[in-house]
Amino acid sequence: MDGHLGVLTEAAAVVPTEVSHTVSRQVERFLYREARLLDQGDYDAWLSLLAPDIHYWMPVIENRARDDPEGTYAPERLAYYDDTIDDLRRRIVRFQAKTAWAENPATRHVHVISNVEVEPGDSPGEVVAHSVFVNYRSRSERDEVVLFGRRRDVLRHRDGVWLLARRRILIAQNVLLSKNLNVFL
Amino acid sequence: MSEQRPTDTEMLTGRGSTCWYDEQNACLDRRVFWDEHIYDQELERIFRRCWLFVAHESQIPKPGAFVSTYMGNTSVLVVRQRDLSIKVLVNTCPHRGNRVCHAELGNARGFVCNYHGWSFGLDGRMTGLHEAAVFERTPGFDKRKIGLPQAAQIATYKGLVFATFDPAAPPLDEYLGAYRWYLDIVLDNDERGTEFLPGAFKSVMRCNWKVPAENFTGDALHAGWTHDAGSQAVFGKGINPTSEDGLQININGHGWQVDSKYPVGNAATLGYKSILRYFREREPAVAQRLGAVRARMAGAISSASIFPNFSFLPGQSTFRVWHPLGPREVELHAFVLVNCGAPAEIKEAYRKGNMMTFSPTGLFEIDDGENWEFCTQSNRSAESRRQPSHYGLGLGSEVPSSELPGNVFRCQVNDANQRAFYRRWAQFMSAKSWTDISAC
């Protein structure tokens, strides 16, 4: 676990000195609002927070030895999400279809977002935001799944609004201890 | 059927299994989906006897490379040896039983138990131990006789590695029988063979292993209904109605159901035109290699399963094992198979296409798990378990076929392969040994 989280936080050594309190606050509010929209299942509003060139990536986490040079995740391996905006839209078509049986009755979601750190980005108008999440899902009468993980986001400021341009999601599970992932994280 | 229920003694000796599946009425006793005794018997009589898929050769390319998997509920390590042969070692220390490897894959020079430091070579033989001097003066202790337990037989079929714990099991080729003719559609349509893309989807479904296995062996019926929303997302409409041209085929309990009227029907769900072009462009070459009939099956609407728990979708190229980690729990390991010779952009399309369809976030798989979990759970209730489950769809639909090997049934929407699956299951459950088990 230490090794895994060590990989998760490799960028944390960069001291976030250049991002103003105002920007940090805006980014936090963005992330909290996004979480609320996902809790509400308001996917159309959620899509409006995403940049057209978004890369939304959640690799499978491999359970490898600590000294294995291959690392616990990599771009060429299988991923839960490795999505463009069109891929995300396609998933939302299913979420919203009347025959999406595993969404009816609706899944009850709680997205808890915490440990937000905002740093300068690589390009003008961009920042990097680190956060951790707890995602609670409850379905039907007693079905429940809890996921913990960490995200590294790139947010871009354009025309007075922030958009999510990159997201990397790393969950703290190797075998996914549930039957599916009918959720954005 | 309720009067014919086996007694506990019959159940424990396996003699009751003929009652669990009522061939004449095509009815199954629902206790097979949750009963602890039946599950224990399955571990002994099915999972310790059958040839089980353990790896693709591409996952362990060089000496020391290993992957961890299960044979039944037994944790095993599939290890490439220094001479490039393969061994399947039980991941349990012969001393106190602890796992000797906790990684799911990697490269190793050997395996060491964390508990008391017993160490083993890639071949499973003991290489060293902590406090060796004390053991060496212990009467009867002989390090040379100690090692990790191993599979009794290992064999490969065109890249797929299988193993069995039963030394009396017939050769793999015989176990697969004429099913190999169909397997070649996915494993041998190109001279350079196949590989698994790196990585695996591993997830947990709280269902009995037979529920997804019977689904993949022949449940075309659920596709248009369960997966309507997934189909809406990919095609903007529901799945094509199944034509009367579709077939179900089974051999030795292994099933393949296919409708070649839509020769790229399943491949189309991946959502990549490049994959459809790849199928169409290659059809003449595949036809030359395998004949026209099999060339049309390569990307068709279809699903398939090798008895007992190794399933795949030829079109989408998901290959998956339903590991039975309890009567009501499956650990699903899913992989993506591609031709080694496929262009990089095609391999990438398969990687992403499988993520979008048959992964835990997949537009199709996402709606399967709930059905399977509640089938398992509901069948446990005192009332539900009194109702036999009906598998009679398509009774009497067997047709003679000169060009297709195996038992062939007309119309893809059919329980024929599921009946064959449970007939095979009952055969294993009541057999005393492999000598009682015949090809079917």
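Two residues are in contact if their C-beta atoms, placed from the backbone, lie within 7 Å. The structure described here is a predicted model.

## Val175 of chain A

Val175(A) touches Lys202(B), Ser203(B), Val204(B) and Glu331(B), leaving aside residues up to four places away in sequence. It sits in the segment after β6 (161-171) of chain A.

Is Val175(A) buried, exposed or partly exposed? Val175(A) has 16 other C-beta atoms within 10 Å, so it is partly exposed. A residue counts as buried at 20 or more such atoms and as exposed at 12 or fewer.

## Domains of chain B

Chain B splits into domain 1 (52-155) and domain 2 (179-436). Their C-alpha centres are 33 Å apart. Eight residues of domain 1 of chain B are in contact with 10 residues of domain 2 of chain B.

On the domain 1 side, β3 (52-56) and β4 (65-71) of chain B each provide at least two of the touching residues. That side holds two nonpolar residues, six polar and no charged.

## Helix α14 of chain B

Helix α14(B) spans residues 368-378. Which of its residues are buried? They are Asp368(B), Gly369(B), Glu370(B), Trp372(B), Glu373(B), Cys375(B) and Thr376(B).

These buried residues pack against three elements of chain B: β14 (201-205), α7 (210-218) and α8 (223-226).

## Helix pair α11 and α13 of chain B

Two packed helices are described by the angle between their axes and the distance between the axes. Helix α11(B) covers residues 273-290. Its axis and that of α13(B) come within 9 Å and cross at roughly 125°. Because of that angle, α11(B) is oblique to α13(B). The crossing of α11(B) and α13(B) is left-handed.

Which residues make the contact? From α11(B) come Ser274(B), Ile275(B) and Tyr278(B). From α13(B) come Glu345(B), Ile346(B), Ala349(B), Tyr350(B) and Gly353(B). By class, the contact of α11(B) with α13(B) has five nonpolar residues, two polar and one charged.

## Helix pair α7 and α15 of chain B

Helix α15(B) covers residues 416-430. It packs on α7(B) at an angle of about 135°, and the two axes are 8 Å apart. The two helices, α7(B) and α15(B), are therefore oblique to each other. The crossing of α7(B) and α15(B) is right-handed.

Helix α7(B) brings Ala213(B), Glu214(B), Thr217(B) and Gly218(B) to the contact. Helix α15(B) brings Ala416(B), Asn417(B), Gln418(B) and Phe421(B). The contact of α7(B) with α15(B) has three nonpolar residues, four polar and one charged. Helix α7(B) is also one of the elements against which the buried residues of α14(B) pack.

Conventions. Residues are numbered from 1 along each chain as its sequence is written. Chains are lettered from A and ligands numbered from 1 in the order in which they are written. This is a predicted model: local features need pLDDT of at least 70, side-chain atom pairs count only at pLDDT 80 or more; totals for chains, interfaces and linings use all residues. Helices (H or I, at least four residues) and strands (E, at least two) are DSSP runs, numbered from the N terminus. Axes are lines fitted to C-alpha atoms, for helices over the stretch in contact, and angles run from 0 to 180 degrees between N-to-C directions. Angles under 35 degrees count as roughly parallel, over 145 as roughly antiparallel, 65 to 115 as roughly perpendicular and the rest as oblique. A crossing is left-handed if the near helix is turned anticlockwise from the far one by less than a right angle, and right-handed if clockwise. Ala, Val, Leu, Ile, Met, Phe, Trp, Tyr, Cys and Pro count as nonpolar, Asp, Glu, Lys and Arg as charged, and the others, Gly among them, as polar. Domain bounds come from an automatic or database domain assignment.
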